Amino acid sequence: MIRSVPRSRWFNGLYLAYLVAFFLYLALPLLVTAAFAFNDAPFPSLPWKGATLDWFIADGSDERTGFFHDDSLLAALWVSAKIAFWVTLISVALGCGNAVLFERLDFRGKEILYLLLLLPLVIPGVILGVSILVFYSGMANEASRAWAVELDLFRPGTPLVVMGQVSFITTLSTLVIAARLRKFDPQLEEAALNLGATPVIAWFTVTLPWLLPAILGAAAMAFLMSFENFNTTVMLTGSDTPLTVALFNRLREGSTPVLNAAALVLMVASALLAALVMRRGSGNSA
Amino acid sequence: MRSTSRLSLWLLLTPFALWILLLVLLPHVQMLRVSFQVRESWDTLAFGVDQYRNFFTESYYWRTFLRTGVMSLFTTLITLLIAFPVAWYIARLARGRAKGWLFLACLVPFWASELVRTYGWMILLRESGLFSAGLQALGWVDGPVEMLYNDAAVIIGLVYNGLLFMVVPLVTTLEGMDDNLVEAGYDLGGGHATVMREIVVPWAMPGIVSGCIVVFMLTLGSYLTPILMGGKDSAWFTGQIFTQFITRFNWEQGAALGVLLLVLSSLIVWLGLKLTGQSLRKVMG
């Protein structure tokens with residue numbers, strides 16, 4: 001089954017057919033979603049009635065409202081972007097600190113703390129959301145009842161969603177940054193110190209530039225994961241719903257090609273972001 | 001020097017501790033506490049196991065619980081079986097550029113969110129969907145066929161969601177294997193099955209375990225796919241938790257169900273690690 005071991009012809013044929021089927025299985029749902037964003041019919045299904053851009057740009061005058069004129073979806077998109085911005089900022093900052101903590105410092109109880117760091121990965125997203133809802137919203141209810149203090153920050157809404165997402169995205173960004181820091185040669189930093197740099201200057205001029213590709217990668221990943229997250233978000237969202245939740249609510253009412261258009265816009269945006277980071281990453285390592 | 005290193009330790013330990021305490025540990029302790037609270041009247045609380053008793057006496061709860069667990073295990077197994085040959089091809093047989101492109105092709109669907117992926121499957125499988133239209137066009141069926149809203153559809157969607165998280169760790173471990181090991185297995189007279197069982201699988205075990213754990217966790221905790229693609233009888237446990245919290249405002253019951261889901265997932269992850277002799281650190285970190 002390896003290159004040097006001969007394989008029979010029919011085995012090779014079968015294997016190839018399997019791979020083709022596999023990649024078709026991967027591509028089909030996305031291709032179909034994208035294609036029906038352009039179908040000139042009010043319902044995303046066959047027959048094909050010709051191509052149109054209505055589901056993106058129609059302004060509502062013709063009983064069709066395209067994604068770019070759909071105010072509620074655009075508002076949701078903005079909410080998602082705000083959430084993703086804060087989540088990226090906080091989780092990458094925490095990730096940098098955590099990476100240095102676990103890769104460069106030695107202290108008692110490090111093993112246990114490292115397990116704690118990994119813990120959010122083995123907690124289902126729904127549970128992370130629920131526990132934060134119970135803790136913070138419960139606290140807000142209690143404060144309101146006992147002391148008539150309104151802690152609106154802790155009611156379901158954008159701040160709570162940010163907290164919920166940071167709880168697990170921080171672990172992922174830490175792992176990405178720590179993996180890069182592990183490959184760093186500490187002698188470089190020592191050289192900087194020997195040449196008279198203070199530890200702070202050495203960190204900013206030697207270590208941080210080395211970490212930058214990983215930090216950018218972690219930021220892109222954090223942004224995408226935040227943008228696409230549903231399970232944690234749905235438990236914590238208030239009246240200002242982010243895009244995935246808004247799309248889900250629409251979908252429950254029935255599917256329209258506007259959903260396909262929104263999905264396509266999301267896919268293209270994430271693909272661009274991912275391609276950008278990959279290009280940068282490969283440029284740096286070459 | 002010593003005092004600066006102590007200072008930097010505290011400077012770095014503080015944000016970590018705040019994050020893990022405020023966003024992970026304390027909320028879960030509180031969830032556990034609430035799950036044991038019994039509301040006696042609107043402002044008095046007592047402690048008891050009422051919510052857990054409800055779980056065991058209402059067959060709807062524990063049946064869904066078991067169903068979710070069993071279907072998640074099944075999904076994990078199918079994902080492993082589907083992903084292994086693909087990972088093998090990418091890691092061992094594809095060369096040069098093809099290797100990179102195939103790997104990238106596995107990643108592409110995951111630039112779309114779970115909602116988009118599920119929506120794509122709905123368009124394919126539903127009564128007015130593409131598969132149904134295709135079958136009619138081929139003349140194999142007379143009228144529209146509903147392929148959505150059943151357990152098979154749910155599993156197709158769940159496997160789809162999990163594939164990436166299985167392929168990546170498998171490729172990573174399989175890439176590190178030495179061809180000589182496999183050749184030695186054949187030279188010593190082993191057949192395909194023996195080489196697979198004695199050499200390849202043991203070598204790939206860290207990747208298999210890590211892939212299975214992640215896929216199992218994702219599946220068990222998934223909400224969109226089973227809710228949107230499942231039928232009337234295919235309830236999912238996360239759906240019940242959601243109902244308790246959002247629809248019924250019964251936080252105590254919801255917290256108890258949440259604790260039970262967490263216990264189930266931790267138990268299975270722990271069992272998986274124990275049975276295969278792996279550690280969480282090696283598998284995840």
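Of the 286 residues of chain A, 50% count as buried, where buried means under 20% relative accessible area, exposed means over 50%, and partly exposed lies in between (1.4 Å probe, protein chains only). Please note that this is a predicted model, in which local features need pLDDT of at least 70 and side-chain atom pairs count only at pLDDT 80 or more, while totals for chains, interfaces and linings use all residues. Residues are numbered from 1 along each chain as its sequence is written, chains are lettered from A and ligands numbered from 1 in the order in which they are written, and side-chain values use heavy atoms, with hydrogens and water left out.

Let me begin with the fold of chain A. This chain has 11 helices and zero strands; both are DSSP runs numbered from the N terminus, helices being H or I with at least four residues and strands E with at least two. In chain A, 64% of the contacts with a separation of 6 or more are between residues 24 or more positions apart, a contact being heavy atoms within 4.5 Å.

I turn now to the two chains together. How many residues does each chain bring to the contact? Chain A brings 84 residues and chain B brings 86. Between them the chains bury about 7,900 Å², with 78% of that on carbon and sulfur atoms; buried area is the accessible area (1.4 Å probe) that two parts lose on being put together, summed over both. On the side of chain B, Trp19(B), Trp111(B) and Tyr119(B) lose the most area to chain A, together 10% of what that side buries. Helix H1 (residues 2–35) of chain B gives the most to this side, with 18 residues.

Across this interface the rule finds zero salt bridges, a salt bridge being a side-chain nitrogen of Lys or Arg within 4 Å of a carboxyl oxygen of Asp or Glu. Over all chains, however, the structure holds five salt bridges. One of them joins the side chains of Glu103(A) and Arg182(A), at 3.1 Å from N to O. Glu103(A) lies in helix H3 (residues 71–104) of chain A and Arg182(A) in helix H6 of chain A, so this pair ties together parts that are 79 residues apart in sequence. Glu103(A) is partly exposed at 24% relative accessibility, and Arg182(A) is partly exposed at 47%.

In chain B, Arg67(B) and Asp151(B) meet in a salt bridge at 2.9 Å, N to O. Arg67(B) belongs to helix H3 (residues 59–93) and Asp151(B) to helix H7 (residues 151–175) of chain B, so the pair ties together parts 84 residues apart in sequence.

Finally, the aromatic rings. The structure holds 25 aromatic pairs over all chains: rings of Phe, Tyr and Trp (its six-membered ring) pair if their centres lie within 6.5 Å, and planes under 30 degrees apart count as stacked, over 60 as edge-to-face and the rest as tilted. Phe85(A) and Trp86(A) form an edge-to-face pair, 5.2 Å centre to centre with 75 degrees between the planes. Why is the pair of Tyr136(A) and Phe154(A) called tilted? Their planes stand at 55 degrees, with the centres 4.8 Å apart, so the pair is tilted. Tyr136(A) is buried at 5% relative accessible area, and Phe154(A) is buried at 17%. I close with a cluster in which ring pairs link Phe102(A), Phe107(A), Tyr114(A), Phe16(B) and Trp19(B).
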